[in-house]
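Subject: Model handover and findings

Hello,

Here is the model I promised to pass on. Please open it alongside this message, as my notes refer to it throughout.

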Amino acid sequence: MSLRNIAIIAHVDHGKTTLIDVLLRQSGAFRDNQRVAERAMDSNDLERERGITILAKVTSLDWGDDRINIVDTPGHADFGGEVERILNMVDGTVLLVDAAEGPMPQTKFVLSKALSLGLRPIVAINKIDKPESRPDEVLNEIFDLFAALDANEEQLDFPVLYGSAKEGWMAAEPEGPKDGMAPLFELILNHVPQPAIEEGPFRMLATTVEANPYLGRVLTGRVLSGAIKPNQPIKALSRAGDLIESGRVSKILAFRGLERSPVEEGIAGDIIAVAGLEKATVADTLCEPSVMTPIEAQPIDPPTLSMTFSVNDSPLAGREGDKVQSRVIRERLLREAEGNVALKVEDGETKESFFVSGRGELQLAVLIETMRREGFELSVSRPRVVYQADSETGVQLEPVEEVVVDVDEEFSGAVVQKLSERKGQMIEMRPSGGGKQRLVFHVPTRGLIGYLGEFLTDTRGTGIMNRVFHEYAPLKGSIPGRHTGVLISNSDGDAVAYALWNLEDRGPMMIEPGTKVYQGMIVGEHTRGNDLEVNVLKAKQLTNIRAAGKDDAVRLTPPIQMTLEKALAYIADDELVEVTPESIRLRKRHLDPHERKKAERRTANAA
């Protein structure tokens with residue numbers, strides 16, 4: 001049986017996971033009466049809720065006498081570390097592009113990684129069934145993108161298929177014939193080479209790691225040379241060639257459809273999962289004891305954003321979660337960093353805080369959300385960018401992102417103005433059809449923190465913004481922060497409807513009546529630029545004198561609902577987000593008003 005290893009790469013929401021559903025169904029990987037969830041590869045709860053892929057996953061299917069291993073990759077730039085690793089274990093890629101949107105920032109990012117590894121992509125233009133699809137223009141844009149990324153002649157001569165994964169067909173022409181995915185299967189078998197197999201004993205580069213409650217640590221990767229059987233002695237080498245550990249293989253798993261099945265032998269060229277080692281992690285080489293040189297691993301792009309995770313020290317700490325100690329939080333963060341190469345965890349300024357650096361707000365928000373569902377309580381600071389220094393001149397550099405905005409023409413002025421205030425530089429502005437305009441900017445990452453909510457307000461919720469890391473550039477100067485202050489509770493207790501009603505003139509609230517509050521907790525947004533301490537516990541004074549207007553009904557405006565991403569984007573540098581399994585609260589870093597004033601004076605003196 002001949003083998004093919006491919007990855008499906010694309011921008012977010014261009015249809016990767018849906019395409020794999022169709023490929024599995026048409027190849028006979030499911031029984032006729034088998035119930036399969038939509039987007040079967042998005043297996044964890046967060047992926048299903050958000051409708052996005054977060055972790056890269058492997059599946060396998062048989063087409064005729066050939067086996068095709070397919071890797072589903074994430075589309076968001078924040079999870080780009082997954083894509084970079086995965087491309088090491090495949091010999092070809094299917095680049096999926098939306099027939100209406102065309103190539104987007106993440107398309108450019110994943111394609112540049114694939115081309116730099118010498119892979120020859122197959123281009124599939126998906127969502128042809130959309131009324132606004134424009135396949136010929138999109139094909140020209142894709143060709144221009146290949147040329148801009150310095151593709152060689154072999155790579156520029158890419159095969160193209162058109163189709164709709166939702167409707168379950170691919171064909172050489174946009175018009176059809178619309179009868180199944182056979183053209184894509186045949187093209188993969190003809191265009192993608194069989195895996196290159198090297199001579200010598202067993203060697204494999206670990207590309208993903210996971211913890212299994214029954215098997216322990218499970219490492220997935222492609223076997224580069226040799227073969228492996230259960231109970232065989234192996235060792236793990238680090239990137240530098242140092243011995244990490246030696247052990248025996250307890251189980252070898254191969255991918256068959258959506259399941260992983262135990263096999264008696266892992267052969268060169270196949271993608272397998274190995275259990276039995278305790279310390280080995282991503283980018284380590286698993287090999288026979290006689291091997292001394294590790295497999296070279298691709299370097300990973302550096303993180304651009306950092307947050308401080310610290311122990312929850314609010315008066316309500318420990319009431320909802322059971323994992324509150326700094327030791328437990330540290331162990332969990334280090335475990336996450338082992339499996340996620342794009343994350344970096346360092347000890348913070350105090351023993352109870354940790355600096356966690358990643359690719360973007362979404363990646364860090366997904367980590368926080370996963371931890372709170374596991375029962376953790378923690379406090380998180382505002383995201384900060386990770387600066388670098390120029391090695392020759394010593395000038396401080398900051399990350400700059402390429403931002404692509406699709407927006408109705410009437411709102412483009414507001415977007416251009418706001419991004420210019422945030423030190424953004426417009427690169428391109430052109431109509432994208434249907435009364436919309438496509439704007440391309442280079443904006444410092446600092447300027448984009450907290451901008452998404454403002455962007456959606458300015459475009460009445462119709463704008464689409466995509467961003468991807470572009471380069472490190474010299475510091476662009478100061479960027480304005482939040483224009484409004486906050487309302488801060490001045491005492492502990494349960495919020496009262498009467499007090500909230502009386503405070504509505506001061507600004508919109510973020511809490512409902514009956515919410516537990518404490519001194520220093522943020523309960524609303526002030527309409528002016530300064531912070532204001534308020535009493536949300538003040539009840540109505542009851543007397544035995546009747547008067548007109550005494551019994552006015554208390555009608556409250558619904559409060560602002562703070563999601564995790566919204567809260568992280570909203571807070572200022574002197575504020576924290578308190579995350580527990582049941583609540584997301586905003587608070588001041590210093591709960592005591594006197595401590596706050598001292599800290600403000602120190603900051604002003606330092607400035």
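Below is what turned up, taken region by region.

A caveat to begin with: this is a predicted model.

Start at Asn 312. It sits in the loop that runs from β18 (305–311) to α8 (326–339). Is Asn 312 buried or exposed? It is buried, because its relative accessible area is 5%, and the cut-off for buried is under 20%. Two glutamates meet its side chain. The side chain of Glu 377 makes a polar contact with that of Asn 312 at 2.9 Å. The side chain of Glu 578 makes another polar contact with Asn 312, at 3.3 Å. Leaving out residues up to four places away in sequence, Asn 312 also touches Ala 317, Leu 378, Ser 379, Thr 580 and Arg 587, among others.

In general, an α-helix has 3.6 residues a turn, so residues three or four places apart point the same way.

The largest cavity holds about 170 Å³ of space. Its lining is made up of 13 residues. Closest to its centre are Ala 77, Thr 304, Arg 359, Val 468 and Phe 469. Two elements give two or more residues to this lining: α4 (105–116) and β27 (464–474). β27 gives the most, with three residues. By type, the lining of the largest cavity divides into five nonpolar, three polar and five charged residues.

**Helix α1**

Helix α1 covers residues 16–26. Eight of its eleven residues are buried, so α1 is largely enclosed by the rest of the structure. The buried residues are Lys 16, Thr 17, Leu 19, Ile 20, Asp 21, Val 22, Leu 23 and Leu 24. What do they pack against? Their partners are the strands β1 (2–10), β2 (57–63), β3 (66–72), β4 (92–98) and β7, plus the helix α7.

**Pro 177**

β7 and α7 come up again here. Pro 177 lies in the loop between β7 (169–171) and α7 (182–191). It counts as exposed, because its relative accessibility is 55% and the cut-off for exposed is over 50%. Not counting residues up to four places away in sequence, Pro 177 touches Trp 169, Met 170 and Ala 171. Pro 177 is 401 residues from Glu 578 in sequence. In space the two are 56 Å apart, C-alpha to C-alpha.

**Two backbone points to check**

Lys 127 is not a glycine, yet its phi is positive, at about 60 degrees. It lies in the loop between β5 (122–126) and α5 (135–148). With a relative accessible area of 23%, Lys 127 is partly exposed.

Asp 150 also has a positive phi, near 60 degrees, and is a residue other than glycine. Its loop lies between α5 and α6 (153–156). Asp 150 is exposed, with a relative accessible area of 69%.

That is the set of findings. Over to you.

Best wishes

Definitions and conventions. Residues are numbered from 1 along each chain as its sequence is written. This is a predicted model: local features need pLDDT of at least 70, side-chain atom pairs count only at pLDDT 80 or more; totals for chains, interfaces and linings use all residues. Side-chain values use heavy atoms; hydrogens and water are left out. Helices (H or I, at least four residues) and strands (E, at least two) are DSSP runs, numbered from the N terminus. Buried means under 20% relative accessible area, exposed over 50%, partly exposed in between (1.4 Å probe, protein chains only). A polar contact is a pair of N or O atoms within 3.5 Å; within protein, one must be able to donate a hydrogen and the other to accept it, and residues adjacent in sequence count only if both atoms are side-chain atoms. Contact means heavy atoms within 4.5 Å. On a 1 Å grid over the protein atoms alone, a cavity is a set of points where a 1.4 Å probe fits but cannot get out, and a pocket is an open set with protein on both sides within 12 Å along at least five of seven lines; lining residues have an atom within 4 Å of a point. Grid points are joined across faces, edges and corners, and a volume is the space filled by probe spheres set on the points. Ala, Val, Leu, Ile, Met, Phe, Trp, Tyr, Cys and Pro count as nonpolar, Asp, Glu, Lys and Arg as charged, and the others, Gly among them, as polar.
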